[in-house]
Amino acid sequence: AQFMPNMLLQVDAFTNRPFGGNPAAVCLLDGPADEGWMQTVAMEMNLSETAFVHPEGDALRLRWFTPAVEVDLCGHATLAAAHALWEEGRLAPDQTARFLTRSGPLAATRRDAWIELDFPAEPEERSEAVPGLARALGVTPKHVGRNRLDYLVELDSEAAVRAVAPDFRALATIPTRGVIVTARADGPEFDFVSRFFAPRVGVDEDPVCGSAHCYLGPYWADRLHKPDLLAHQISPRTGVLRVRPAGRRVAIAGQAVTVLRGTLV
């Protein structure tokens with residue numbers, strides 16, 4: 001695959017409408033770029049994630065940067081990157097996007113209007129009370145657990161999740177990538193709801209976090225005894241995800257819309 005140098009798109013992920021879901025920038029490169037330059041571009045884009053993609057052997061190297069740091073795993077920017085590759089004709093419509101990342105090999109496949117990501121499951125590793133976490137969130141948790149990336153806090157209701165107003169300065173002192181707040185959905189349309197806060201890596205609230213569903217999928221599949229789940233991230237922008245845990249992997253599907261296309265000069 002040959003890319004136009006430094007082609008840049010902004011894609012709204014986990015939504016079927018412009019200005020919904022979670023925006024990510026996608027930079028399509030011909031080859032590896034300087035790490036400092038990528039971090040500076042991500043800072044300039046000022047979105048929760050900027051994805052950088054370039055060919056590497058028979059696959060594609062994919063890296064994700066917040067405005068502050070490079071991260072190990074990002075779902076919505078992976079969805080955005082795959083969408084950009086198909087939309088720009090870099091991959092054939094029926095071709096699987098195969099990515100090499102800091103979290104190992106990842107894949108994205110088109111399924112009608114949806115893009116399905118094959119991600120590693122990140123199940124709960126332990127349950128624990130965390131000094132200051134409930135106070136920083138201003139909640140009374142029903143359950144607190146964590147995996148290698150994030151803490152998860154289950155609340156009693158969807159209304160309680162909607163009402164969370166964290167003290168972000170206090171939350172940034174918790175040693176973790178981010179904090180997931182979740183509950184069973186109140187209505188029949190969705191199985192569970194969530195919000196995701198990551199001030200420690202420069203993102204107070206991520207509108208829709210795909211990688212958080214690597215934890216949420218196994219968590220709710222176990223509690224609801226359902227193999228296929230429909231998730232609703234109830235940030236102000238909102239997003240919808242299909243989640244299907246399968247052993248050590250999780251299939252996470254969403255839709256995406258390109259809202260901006262240009263060239264970095």
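Me: Helices (runs of H or I, at least four residues) and strands (runs of E, at least two) are DSSP runs, numbered from the N terminus. With that in mind, where does Thr-140 lie?

Reply: Thr-140 lies in the loop between helix α3 (133–137) and strand β10 (143–146). Please note that this is a predicted model, in which local features need pLDDT of at least 70 and side-chain atom pairs count only at pLDDT 80 or more, while totals for chains, interfaces and linings use all residues. Residues are numbered from 1 along each chain as its sequence is written, and side-chain values use heavy atoms, with hydrogens and water left out.

Me: Is Thr-140 buried or exposed?

Reply: A residue is called buried under 20% relative accessible area, exposed over 50%, and partly exposed in between, with a 1.4 Å probe and protein chains only. Thr-140 has 69% relative accessibility, so it counts as exposed.

Me: How many helices and strands does the chain have?

Reply: There are six helices and 18 strands in the chain. The radius of gyration, taken over C-alpha atoms, can be set against the globule rule of 2.2 Å times the number of residues to the power 0.38. Here it is 18 Å, close to the 18 Å that the rule gives for 265 residues, so the chain is as compact as a globular protein of that length. The C-alpha trace spans about 50 × 35 × 30 Å along its principal axes, and 57% of the 265 residues are buried.

Me: What share of the contacts joins residues at least 24 apart?

Reply: A contact means heavy atoms within 4.5 Å. Among contacts between residues at least 6 apart in sequence, 63% join residues at least 24 apart.

Me: Which strands are joined to β1, and in which sense?

Reply: Two strands pair if DSSP finds at least two bridges between them. Strand β1 (residues 7–13) runs antiparallel to strand β18 (residues 256–263), with seven bridges joining them. Strand β2 (residues 22–28) also pairs with β1 in the antiparallel sense, over seven bridges. To follow these pairings in the model, one may look at Val-11, whose bridge partner in β18 is Thr-258, and at Leu-9, whose bridge partner in β2 is Val-26. Strand β1 is mostly covered, with six of its seven residues buried.

Me: Why is strand β12 described as largely enclosed by the rest of the structure?

Reply: Six of the seven residues of β12 (residues 178–184) are buried, so this strand is largely enclosed by the rest of the structure. Strand β11 (residues 150–154) pairs with β12 in the parallel sense over five bridges, and Val-153 has Val-181 of β12 as its bridge partner. Strand β13 (residues 192–198) runs antiparallel to β12, and six bridges join the two. In that pairing, Arg-184 stands opposite Phe-192 of β13.

Me: How many residues of helix α6 are buried?

Reply: Helix α6 (residues 213–224) is mostly covered, since 10 of its 12 residues are buried. Among them are Tyr-215, Leu-216, Tyr-219 and Trp-220. Just after α6 comes His-225, which takes a positive phi of about 55°.

Me: What is Ala-97 in contact with, leaving aside its neighbours within four places in sequence?

Reply: With those neighbours left aside, Ala-97 is in contact with Ala-82, Trp-86, Leu-91, Leu-106, Ala-107 and Ala-108. Ala-97 belongs to strand β6 (residues 97–101) and is buried, with a relative accessible area of 0%. Between the C-alpha atoms of Ala-97 and Pro-227, which are 130 residues apart along the chain, the separation is 25 Å.
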